[in-house]
Amino acid sequence: MTAPLTPPPPPHEHSAQGPWQPPAAGPQAPGSQHAEYAGHGWYGQDGPGMKTELREAAVIAVAVALGGVLLGVLWWWLAPHVPLVGDVVEKSWVVYLKDTEGEQAIGVDGTFTLLGLGFGAVSALVVFLLRRRGGVPLVMGLALGGLLGSLLAWRVGVWLGPAQDVIAQAQAVGRGVTFDAPLKLGAKGALLAWPLAALVLHLGLMALFGPRDPEPEFAAGPYQEPSTRG
């Protein structure tokens, strides 16, 4: 008669649930993870990261808006001239277009729009190269700076252009003499060309070449064959 075989020892609890992992080096204080993320500016609007992003957005908005001075000078220089002619009708001066079928007025608006699109593309590229991580405050600063720059360019171009008092100009040059009309932006929607172009291009650059979030890592446990018992 033989002695019964000794049953094998029961499996350890950690072997059934997966490989044993060493405990963490030390307990983390509550809210430490939130403080770490807020320090990087991921979330938490009161953290130092958000304050830094707001300061950078303000600097970008001011720098982009100052580019409107150059846009205004280029608009004044490149925009076509609208010819006017003065005449005296019943002892009163009147001013009218010399070429009623001319497209110079449309060309003035088109020039401003094309320049705004170009400035928007350049500003978006420069901001992306300087601050690749993006962020909502930065994008808002870029858009606000583009809008302010368009407004500044409009006023600078009008200031550099001919005088606004066309009657005084007609009287100064004489009856029937052609002179240039004041620089005028007829289509106010052209003011949005700069901020819209900057937003679209910056978002495209961020989507194509911006930083990517790290992929989540999952700890793989030991492989277990499916049970065949019913």
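In which helix is the place of His-202? The model is a predicted one, and in it His-202 belongs to helix H8. The points below begin with that residue and then turn to the helix pairs, the pocket, the cavity and a loop residue.

**His-202 and its surroundings**

- His-202 counts as buried because its relative accessible area is 2%, and the cut-off for buried is under 20%.
- When neighbours within four places in sequence are left aside, the residues in contact with His-202 are Ala-124, Val-127, Phe-128, Leu-138, Val-139 and Leu-142.
- His-202 is also one of the H8 residues that make the contact with helix H5.

**Packing of H5 with H8**

- The axes of H5 and H8 cross at roughly 35° and come within 7 Å of each other.
- This crossing of H5 and H8 is right-handed.
- On the H5 side, the contact is made by Thr-113, Gly-116, Leu-117, Phe-119, Gly-120, Ala-121, Ser-123, Ala-124, Leu-125, Val-127 and Phe-128.
- On the H8 side, the contact is made by Ala-193, Trp-194, Ala-197, Ala-198, Leu-201, His-202, Leu-205, Met-206 and Phe-209.
- Sorted by class, the contact of H5 with H8 holds 15 nonpolar residues, five polar residues and no charged residues.

**Packing of H4 with H5**

- Helix H4, residues 68-78, packs with helix H5, residues 104-130, at an angle of about 145°.
- The axes of H4 and H5 are 10 Å apart, and H4 passes H5 in a right-handed crossing.
- H4 contributes Leu-70, Leu-71, Leu-74, Trp-75 and Leu-78 to this contact.
- H5 contributes Val-108, Thr-111, Phe-112, Leu-115, Gly-116 and Phe-119 to the contact with H4.
- The contact of H4 with H5 comprises nine nonpolar and two polar residues, with no charged residues.
- Gly-116 and Phe-119 of H5 are named in the contact with H4 and also in the contact with H8.

**The largest pocket**

- The volume of the largest pocket is about 280 Å³.
- The pocket is lined by 14 residues, of which Ala-63, Val-64, Ser-123, Val-126 and Val-127 are the closest to its centre.
- H3 and H5 are the elements that give two or more residues to this lining, and H5 gives the most, with six residues.
- The lining of the largest pocket divides into 10 nonpolar, two polar and two charged residues.
- Val-127, among the residues closest to the pocket centre, is also in contact with His-202.

**The cavity**

- One cavity of 30 Å³ or more is found in a search of the whole structure.

**Lys-188 in a loop**

- Lys-188 lies in the loop between strand S3, residues 178-180, and helix H8, residues 193-209.
- Lys-188 is partly exposed, with a relative accessible area of 42%.
- Lys-188 and Leu-151 are 37 residues apart along the chain, and their C-alpha atoms are separated by 9.9 Å.

Methods: Residues are numbered from 1 along each chain as its sequence is written. This is a predicted model: local features need pLDDT of at least 70, side-chain atom pairs count only at pLDDT 80 or more; totals for chains, interfaces and linings use all residues. Side-chain values use heavy atoms; hydrogens and water are left out. On a 1 Å grid over the protein atoms alone, a cavity is a set of points where a 1.4 Å probe fits but cannot get out, and a pocket is an open set with protein on both sides within 12 Å along at least five of seven lines; lining residues have an atom within 4 Å of a point. Grid points are joined across faces, edges and corners, and a volume is the space filled by probe spheres set on the points. Axes are lines fitted to C-alpha atoms, for helices over the stretch in contact, and angles run from 0 to 180 degrees between N-to-C directions. Helices (H or I, at least four residues) and strands (E, at least two) are DSSP runs, numbered from the N terminus. A crossing is left-handed if the near helix is turned anticlockwise from the far one by less than a right angle, and right-handed if clockwise. Contact means heavy atoms within 4.5 Å. Ala, Val, Leu, Ile, Met, Phe, Trp, Tyr, Cys and Pro count as nonpolar, Asp, Glu, Lys and Arg as charged, and the others, Gly among them, as polar. Buried means under 20% relative accessible area, exposed over 50%, partly exposed in between (1.4 Å probe, protein chains only).
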